[in-house]
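Subject: Structure handover

Hi there,

Here is the structure I promised to pass along. Could you open it beside this email while you read?

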Amino acid sequence: MQKYKAIRTVVEVHSITSAAEKLGYTQSGISHQIKAVEQELGLPLLKRTRQGAELTEDGAALLPAIEKLLEAEQALLEQAALLRKEFSGSFTVGTFSSAMLHWLPEILNRFSRRYPEVKISVVNDNYSAIVSSLLNDVVDCGFVTLPADPHLKVWPLRKDPMVAVLPEGDALCGYTELTARQLAERTLIVPAEGMNYDIGKFFSQAGLSPKSHLQINDDYSAVTMVKNGLGFTILPKMLVDMLPMDYLRTIPLQNFQREIGIAVKETHYLSPVVEAFVSCVRTVLKET
């Protein structure tokens, strides 16, 4: 497989010399490996240009197959390590605050006990940033709300009610649930989610939009603004349960909740370590 790795590295760095340094070979050693592949396939794959080493037209056509071959080798090695109980590697998971606070501690604890050699990086952000990170291969998997981008493969996990957060003593605090029409005339303090996902959907389904809003884009700050009488906000119950809510009341939104899933990019190579993590997430949430 080394000769295919040599070709991919040359393509990445646009230089046979740099590729040799990166892989720990001599320049002639890399050239020999490339020539061996070209002879096997009967096609020239690389050419020299003023910009350095570049793919030929045939090389560009074959590069996706070479990438798949290298991914298959990596999957084979990782699967074998898993069977030997020597699973290692690393991956990055994207999450928003409520999932990070409410679910991730137990998920990470269980996964790390089973696969102690695996290194996990966690990126906490808002919905749109997580989707963008998934589509751009910045994170390997991530928590999203449904319906999700069509280019993502999603496993639904759990539904979570959305609630209005109001100052204690507000005239609406006597209701058991609230409609978009009851809230549309008030000042909405926009939390981290923004208006493009659940909050926007809640009002748009009723053909309404908030009369005015204060753009905060931070959950904790939004709650503080509500405490100071500047308006109301809308948050998922799962997050509200983790926040200090003194002098505040939470009231469910009528017939409205978000659905959370764990997602990967549809066309992205799903490594065994990420597949194992997704499986762990689904198992933990079924049991709790």
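Below are some notes on what turned up in it.

First, the ground rules. This is a predicted model, in which local features need pLDDT of at least 70 and side-chain atom pairs count only at pLDDT 80 or more, while totals for chains, interfaces and linings use all residues. Residues are numbered from 1 along each chain as its sequence is written, and side-chain values use heavy atoms, with hydrogens and water left out. Helices (H or I, at least four residues) and strands (E, at least two) are DSSP runs, numbered from the N terminus.

**A strand pair and its crossover**

Strand E7 (residues 187–190) pairs with strand E8 (residues 212–215) in the parallel sense, over four bridges; two strands pair if DSSP finds at least two bridges between them. Isoleucine 189 has leucine 214 in E8 as its bridge partner. Between E7 and E8 the chain passes through helix H9 (residues 198–204), giving a right-handed β-α-β crossover. Right-handed here means that, with the strands pointing away from the viewer, the path from the first strand over the helix to the second runs clockwise.

**Backbone details**

A cis peptide bond joins leucine 146 to proline 147, with omega near -5°. Proline 147 sits in the loop between strand E5 (141–146) and strand E6 (152–167).

Two residues other than glycine have a positive phi. Aspartate 137 has phi near 60° and belongs to the loop between helix H7 (127–135) and E5. Aspartate 137 is partly exposed because its relative accessibility is 40% (buried is under 20% relative accessible area, exposed over 50%, partly exposed in between, using a 1.4 Å probe and protein chains only). For tyrosine 247, phi is about 65°, and its place is the loop between helix H11 (237–240) and strand E10 (248–265). Tyrosine 247 counts as exposed, at 65% relative accessibility.

**A buried methionine**

Methionine 162 is in strand E6 and is buried, with a relative accessible area of 1%. Leaving aside neighbours within four places in sequence, its contacts (heavy atoms within 4.5 Å) include Glu193, Ile234, Leu253 and Phe256.

**Salt bridges**

How many salt bridges are there? The count comes to twelve, where a salt bridge is a side-chain nitrogen of Lys or Arg within 4 Å of a carboxyl oxygen of Asp or Glu.

- Lysine 22 and glutamate 12 meet at 3.7 Å, N to O. The pair links helix H2 (residues 16–23), which holds lysine 22, to helix H1 (residues 2–13), which holds glutamate 12. Lysine 22 is exposed at 55% relative accessibility, and glutamate 12 is partly exposed at 45%.
- Glutamate 287 and arginine 110 have their closest N and O atoms 2.7 Å apart. Glutamate 287 is in helix H12 (residues 272–287) and arginine 110 in helix H6 (residues 104–114), so this pair ties together parts that are 177 residues apart in sequence. Glu106 joins Arg110 and Glu287 in a network of salt bridges.
- Arginine 186 and aspartate 170 also form a salt bridge, at 2.7 Å, N to O. Arginine 186 is in the loop between helix H8 (180–183) and E7, and aspartate 170 in the loop between E6 and H8. Arginine 186 is partly exposed at 26% relative accessibility, whereas aspartate 170 is buried at 17%.
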